[in-house]
Amino acid sequence: MGQYDLPDAGGHFGPYGGMYVAETLVAALEELKVEYARARNDPAFWAEYRHELKYYVGRPSPIYHARRWSERLGGAQIYLKREDLNHTGAHKINNTIGQALLARRMGKRRVIAETGAGQHGVASATVAARYGMECVVYMGADDVKRQSPNVYRMKLLGATVVPVSSGSRTLKDALNEAMRDWVTNVDSTFYILGTAAGPHPYPMLVRDFQAIIGEECKQQMPELTGRQPDVVVACVGGGSNAIGIFYPYIDVDGVRLVGVEAAGDGIASGRHAAPLAAGRPGVLHGFNGYLMQDANGLVMETHSVSAGLDYPGVGPEHCYLKDSGRAEYDSVTDDEALAAFHDCCHLEGIIPALESSHALAWAARTAPAMSRDQVILVNLSGRGDKDINTVAALSGITL
Amino acid sequence: MSRIAACFKALAGGRALIPFITAGDPEPGMTVELMHALVAGGADIIELGVPFSDPMADGPVIQRASERALKHGVSLALVLDMVAEFRRRDASTPVVLMGYLNPFLAMGLPGFALRAATAGVDGVLTVDCPPEEIESLAALLEQSGLDPIFLLAPTTPAERVARIGRLARGYVYYVSLKGVTGSANLDIAEVTGKIAALRENIPVPIGVGFGIRDAETARAIAVAADAVVVGSRLVQEIEAASPQTAAGNLTRLVAELKAAIR
């Protein structure tokens with residue numbers, strides 16, 4: 001592979017990506033594209049972004065050697081990139097800081113966001129409070145129920161949470177509704193999209209704001225282990241934490257990149273959220289990419305124990321990295337993710353998010369077949385406090 | 001000459017009324033009857049919505065219509081069958097499919113264009129496919145004798161209008177407001193001014209839609225526009241009516257609107 005410089009000017013990663021939106025949104029996306037191109041070349045913009053990440057988010061996040069768990073598995077050494085230690089408890093804030101700074105440059109005083117598990121909603125509400133903006137978060141009505149602590153968190157931060165009752169009442173429907181709000185209030189409103197998907201330029205700008213994860217790893221791993229890891233692994237829903245840690249490694253030879261999708265009850269059951277494993281390319285939410293769809297091109301309902309991975313599409317750059325072979329994609333079931341969740345709690349004293357538990361489960365499955373001097377770096381993208389109700393319910397416990 | 005061009009020619013400067021309904025709403029067996037009911041009321045062209053699971057550009061009324069149709073398993077193939085059935089009794093009223101790209105892609109674009117033309121479809125409006133993304137789509141439709149219909153928005157800059165004007169056939173659909181279908185914030189003076197400006201670069205008739213809810217608004221819009229598109233208001237009527245009264249109610253409502261723009 002030559003110097004990697006995707007996307008092209010139209011937002012394409014090979015055949016994927018693009019800007020598949022109604023005419024009513026084209027001008028707003030063009031405006032965003034132009035403004036981001038300016039910001040991208042403005043050192044002052046990045047200086048402020050870095051300053052916020054350092055003093056508000058608490059970056060750089062450390063990398064931690066999961067020694068006891070590695071010992072137990074008896075193979076490769078597992079290292080965790082601790083995005084769970086960020087302010088608000090997940091990687092999502094890296095992106096919302098960047099987009100809020102863009103919104104401010106563009107003079108927009110109102111921000112909107114979609115959210116599944118609520119992490120992106122909380123991160124959006126947080127930056128809106130921080131920069132004095134009005135914030136409206138769209139959330140599937142079913143997710144509002146299963147993530148009630150995050151709903152209250154957003155309200156505490158001054159955001160309005162709008163439950164979305166259309167369609168499957170989950171993340172994809174929240175995204176539809178956020179787009180509808182944007183098209184109606186396009187003059188005053190900035191749409192903070194939470195994952196590395198959607199119409200151009202979102203996949204690129206979300207990636208750029210999340211790439212700080214991989215950039216720090218590239219510096220930290222040699223300090224800790226004397227070299228870069230053998231494998232970098234991250235969970236993939238829309239794909240923002242994965243692309244954030246992968247991107248700086250794309251041009252580094254010898255580092256395997258592995259994305260882990262949610263296999264739910266198992267790929268064969270059909271109840272999963274793994275478009276790269278079992279979908280085919282199609283257009284949803286403004287971009288072309290692998291999509292869980294039926295024979296008639298209708299988007300299928302997805303299932304995952306983790307609300308943040310419960311999405312039928314996947315960001316266009318992951319689609320490209322899969323086809324090109326630069327990254328591999330695998331999947332992990334609900335049960336495997338839950339087992340890894342408990343192991344991480346017991347052996348390392350860290351409660352991981354159910355999303356991140358998918359990446360941990362892959363590492364736990366793979367490490368035993370590797371040698372003790374090899375290294376797997378896992379993106380621990382968020383903490384699991386938000387998931388304790390879900391986990392308790394699955395164990396038959398009412399909190 | 002395409003059926004759409006012939007329709008505008010026959011109107012000889014009169015305004016066209018373009019009602020929209022969603023195929024398969026409230027259930028698949030009624031769609032052909034409702035299409036004939038629209039014609040009986042004075043519809044000049046019919047826009048037939050292809051139901052989609054994620055209708056991002058639509059307001060709640062048309063979203064619900066889509067959901068009702070999908071509950072009955074309405075697919076693109078079935079919508080084409082409905083058009084073919086409609087054509088057995090009506091050889092002249094143009095039918096335009098309005099839908100989202102993915103069901104068209106899933107059928108395969110060349111196959112879709114061919115099957116749509118064979119069924120008697122006259123134009124295709126792909127809501128979420130701007131001309132930049134699939135340059136070949138307009139040509140592909142035209143090769144099969146279908147008119148590619150494009151949306152224009154209040155925010156579309158002049159150079160884009162010109163570009164779309166070169167590709168557009170049949171008519172263009174000017175979105176009269178910033179918002180989704182069925183919104184309530186229509187500014188008639190602004191729309192009238194915009195249409196005059198669009199004429200410089202748009203060689204085909206200009207239809208206006210999104211937010212036209214009654215005869216009075218239709219009349220005001222028709223002063224400047226060549227065609228008036230009414231969707232959500234009609235779909236609401238279908239939602240409120242019983243299976244026995246829906247057709248009659250649509251005919252009456254369309255006749256009212258048609259009288260207003262004459």
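1. Let's start at helix α16 of chain A, residues 388-394, which is where A:I388 sits. (Helices are DSSP runs of H or I with at least four residues, strands are E runs of at least two, and both are numbered from the N terminus.) A:I388 has 41% relative accessibility, so it counts as partly exposed. The cut-offs: buried is under 20% relative accessible area, exposed is over 50%, and partly exposed is in between, with a 1.4 Å probe and protein chains only.

2. Before going on, some ground rules. This is a predicted model, where local features need pLDDT of at least 70 and side-chain atom pairs count only at pLDDT 80 or more, while totals for chains, interfaces and linings use all residues. Residues are numbered from 1 along each chain as its sequence is written, chains are lettered from A and ligands numbered from 1 in the order written, and side-chain values use heavy atoms, leaving out hydrogens and water.

3. Now the aromatic rings. Rings of Phe, Tyr and Trp (its six-membered ring) pair if their centres lie within 6.5 Å; planes under 30 degrees apart are stacked, over 60 edge-to-face, and the rest tilted. How many aromatic pairs does this rule give over all chains? The count is 16. Take A:Y4 and A:Y247: their centres are 6.2 Å apart and their planes are at 70 degrees, so they are edge-to-face. This pair links distant parts of the chain, 243 residues apart: A:Y4 comes before β1 (12-13) of chain A, and A:Y247 is in the loop between α11 (240-246) and β10 (256-264) of chain A. A:Y4 is buried at 8% relative accessibility, whereas A:Y247 is partly exposed at 23%.

4. Look at charges over rings too (NZ of Lys or CZ of Arg within 6 Å of the ring centre and within 35 degrees of the ring normal). A:R130 lies over the face of A:Y56, 5.5 Å from the ring centre. The charged end of A:K322 sits over the A:Y290 ring, 5.6 Å from its centre.

5. Finally, strand β4 of chain A (residues 77-82). Is it enclosed or open? 6 of its 6 residues are buried, so the rest of the structure largely encloses β4(A). A:Q77, A:Y79 and A:K81 point one way, and A:I78, A:L80 and A:R82 the other. In a regular strand, side chains alternate between the two faces of the sheet. Strands pair if DSSP finds at least two bridges between them. β4(A) pairs antiparallel with β3 (residues 63-65) of chain A over 3 bridges, and runs parallel to β14 (residues 375-380) of chain A, with 6 bridges.
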